[in-house]
Amino acid sequence: MTTKYRVEYALKSHRRDAFIEWIKGLLAVPFVLHSEPAAYIREVGSWEDAATTARKQYAAIMADLEAMIENQIMNDRLGTPDLAKIRHLVPSVGTFFTPLPLREAFYVQDAKRAISARRLVSPSFNDVRLILNTAQLISIASNEEPLRLVTLDGDVTLYEDGKSLTADSKVVPVLVELLKRDIAIGIVTAAGYSDPSGLKYKERLDGIILAVRDSTTLTDEQKRRLLVMGGESNFLFRYSVTDQTLAFVDQEEWILPEMKEWKEEDIQLLLDLAEEVITSCQRVMKLNGQVLRKDRAVGIIPLPEKGMIREDLEEVVLGAQRRLESSPIGRKIHFCAFNGGSDVWVDIGDKRLGVVALQRYLGGISGKQTLHVGDQFASIGANDYKARLAACTAWVADPSETVDALQELCGYIDKAAAKSGH
């Protein structure tokens with residue numbers, strides 16, 4: 001059943017992805033031309049011919065998009081980004097680190113989702129999102145510069161919202177499989193726990209920590225490629241073979257030069273301003289929430305046995321975002337304001353910084369050698385969004401899609417290796 005929330009919320013501009021919406025519009029043309037309003041009334045024998053024609057036209061559009069993306073990559077490389085055609089058509093489009101074989105990816109998803117066979121339901125947001133994911137996975141698996149780092153969000157990506165990564169999770173064996181392939185795993189989570197013991201992170205990520213500890217096939221070096229970046233970009237932990245668990249990494253070993261310039265008083269000033277906005281919202285809107293201040297974040301969490309509706313959470317996010325962006329301190333210190341589903345947080349730093357810090361800490365990994373998997377890529381109020389500036393990305397809807405995407409990735413890596421003879 002379609003809820004009122006889903007109908008109205010989908011229309012909000014800050015929750016729409018312009019690039020995906022644009023592609024949907026392109027695909028709507030062949031859909032309308034080959035739709036069958038009377039398809040379920042008369043005999044369906046003609047569907048196969050219509051599906052074949054629609055499939056060819058959808059694939060042709062995807063091929064044209066491939067060329068546009070390659071054109072943008074070329075212009076970015078030449079230092080003439082304004083000449084890229086796609087930037088004129090979709091001004092908010094981000095960076096493409098690799099070409100995207102969208103035509104091939106369309107055929108893969110069409111076989112799974114029967115996109116071209118549908119006569120009454122047009123290509124959807126999720127259809128396009130998954131086509132883009134598959135195209136990115138194919139490309140990054142066959143890239144001349146091999147994939148070296150996969151970063152992942154926590155809540156709703158690795159585990160259900162507010163839960164933990166347990167030993168029986170289906171994603172754990174896939175993460176271990178990536179480590180076996182000498183691909184580093186970086187869990188970049190908004191959860192910010194400043195305790196150097198890392199106890200909270202150990203509790204929430206117990207499943208993968210135990211799997212790495214008990215593995216007889218992973219080398220010590222591969223085990224050390226499990227990292228956790230907490231609070232977006234504030235606290236780094238790395239698996240220690242000696243301690244057989246996560247160990248705290250001193251900030252001086254990984255902090256980015258731009259972050260070193262942030263003064264502690266400015267950080268606290270930004271959090272003061274964010275807390276003022278959140279507290280005002282809590283009071284005026286009478287929210288069933290409690291304002292909570294941490295070392296590098298401030299937010300509002302639901303009261304016990306209570307909850308806050310999504311529209312109110314979104315109001316708090318947008319209010320904090322606008323207030324901080326209009327302030328001198330908000331233009332000086334990087335921050336991330338986001339809706340966690342049941343709470344709202346404003347964090348110091350963001351996931352672009354978290355991913356870049358991991359790339360640098362691991363010896364200089366490029367964006368085309370990095371894949372970030374997350375569930376929040378909308379333009380505002382989504383903390384995975386800025387990771388697009390640092391890495392290739394895959395947008396998932398839940399942990400089961402994460403498992404599917406990573407298994408798909410391993411399959412494409414194997415296929416690329418077999419093709420090259422390695």
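These legends describe close-up views of side-chain contacts in a predicted model. Local features need pLDDT of at least 70 and side-chain atom pairs pLDDT 80 or more, while totals for chains, interfaces and linings use all residues. Residues are numbered from 1 along each chain as its sequence is written, and side-chain values use heavy atoms, without hydrogens and water.

**View 1. Aromatic pair of Phe-19 and Phe-96.** Phe-19 and Phe-96 are edge-to-face, at 5.7 Å centre to centre and 65 degrees between the planes. Phe-19 is in helix H2 and Phe-96 in the loop between helices H4 and H5, 77 residues apart (helices are DSSP runs of H or I, at least four residues, numbered from the N terminus). Both residues are buried (under 20% relative accessible area; exposed is over 50%, partly exposed in between; 1.4 Å probe, protein chains only).

**View 2. Salt bridge between Asp-110 and Arg-55.** A salt bridge is a side-chain nitrogen of Lys or Arg within 4 Å of a carboxyl oxygen of Asp or Glu. Here the N to O distance is 2.9 Å. Asp-110 in helix H5 and Arg-55 in helix H3 are 55 residues apart. Asp-110 is buried at 6% relative accessibility, whereas Arg-55 is partly exposed at 28%.

**View 3. Salt bridge between Asp-127 and Arg-113.** The closest N and O atoms are 2.6 Å apart. Asp-127 lies in helix H6 and Arg-113 in helix H5, so the pair ties together parts 14 residues apart in sequence. Shared partners join Arg-113, Arg-118 and Asp-127 into one salt-bridge network.

Conventions
Phe/Tyr/Trp six-rings, centres within 6.5 Å; stacked < 30°, edge-to-face > 60°. Helix = DSSP H or I, 4+ residues; strand = E, 2+ residues; numbered from the N terminus.
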